[in-house]
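Reader: I would like to learn how to read helix packing and ring contacts from a model. Could you take me through them one feature at a time?

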Amino acid sequence: MTSVLVTGSTGNIGSYVIEQLVARGVHVKAGVTNIEKGKQFFLGKNVDVVPFDFLKKHTYTEALKGVTKLFLVRPPKLASPKEDMLPFLEAAKKAGIEHIIFVSLLGVEKNPVVPHRKIENFIQELGFHYTFLRPSFFMQNINTTHREDVVQRDELFMPVGSAKTSFIDTRDIAEVAAICFTEEGHDNKAYTLTGSEAITYYEAAEIMTDVLGRKITYTNPGVLEFRRTIINRGTPKDFANVMTMLYIMTKLGTAKSVTDTTETLLKRKPFTFKQYVEDHKEFFKK
């Protein structure tokens, strides 16, 4: 019987991956850093909740016990893959993990310096069967990382200019992952995943205005203003630097490409940005 350990299990993608796998009859272990909160999160669901932390090696054994496949997400705060994640990957290899699905990054094959590229290399060097999912920007970043901007200030606050972004809904990424775990033909593949359209943040703000029934403005700050402001609002400097760099890359056009891979794998159209906003209206209430 297939058994999957899901890291990032309560997050934007992992929670949906678990939902999809359970619906397909797959045994799931949900790795959580806080066991009590984890058990509450998955209360009433057919999931084994286990303590897991990349930085705590004593959690590896129980989390990996009886597991054949791994859904891997890099926590944003872990910026040194060799120290933070390689020890776990080595433990996973010793434990007999056969297949890893790793949530990587759009364009990672052209960017050797980002952590995701290093993790992809580790997975290949250790000899795992793998599937690399390389998604564009998550729609759900707006109701998590940028939620306060929308709720408190009615704004989208990113230094991207008029560049386009091929946003993808994390529900689509999760369904692709479940397909790759449970169907043949996805071993040792890398999939670039986007939505079906690329839009500007001006267009995103217009869509949110229409759906939410109040004016949402894309303020388009300068790069330095963006970094300074989010740090002043409480974002840790390291994470602020990563966000700033990603948005600089977006401004240069790296996030505008659209592929049909998501639609091909799902056998349906990906969620649109408008559908995402409609489904997440509760997050944006005042």
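This is a predicted model: local features need pLDDT of at least 70, side-chain atom pairs count only at pLDDT 80 or more; totals for chains, interfaces and linings use all residues.

Reader: Which residues of H10 are buried, and against which helix do they pack?

Author: Buried means under 20% relative accessible area, exposed over 50%, and partly exposed in between, with a 1.4 Å probe and protein chains only. In H10 (residues 223-232) the buried residues are Phe226, Thr229, Ile230 and Ile231, and they pack against helix H11 (237-251). If contact is taken as heavy atoms within 4.5 Å, the residues of H10 that meet H11 include Val223, Phe226 and Arg227, and among their partners in H11 are Lys237, Met243 and Tyr247.

Reader: At what angle do the axes of H10 and H11 cross?

Author: Axes are lines fitted to C-alpha atoms, for helices over the stretch in contact, and angles run from 0 to 180 degrees between N-to-C directions. The axes of H10 and H11 come within 10 Å and cross at roughly 150 degrees. H10 is therefore roughly antiparallel to H11, since angles over 145 degrees count as roughly antiparallel, under 35 as roughly parallel, 65 to 115 as roughly perpendicular and the rest as oblique.

Reader: How is the pair H1 and H8 arranged?

Author: Helix H1 (residues 14-23) packs with helix H8 (residues 170-182) at an angle of about 45 degrees, their axes being 8 Å apart, so the two are oblique to each other. Tyr16 and Leu21 are among the residues of H1 that meet H8, where the partners include Ala174 and Phe181.

Reader: How many aromatic pairs does a search of the whole structure find?

Author: Rings of Phe, Tyr and Trp (its six-membered ring) pair if their centres lie within 6.5 Å, with planes under 30 degrees apart counted as stacked, over 60 as edge-to-face and the rest as tilted. The search finds 16 aromatic pairs; one of them, Phe52 with Phe54, is edge-to-face, at 4.9 Å centre to centre and 75 degrees between the planes. Phe52 and Phe54 are both buried.

Technical notes: Residues are numbered from 1 along each chain as its sequence is written. Side-chain values use heavy atoms; hydrogens and water are left out. Helices (H or I, at least four residues) and strands (E, at least two) are DSSP runs, numbered from the N terminus.
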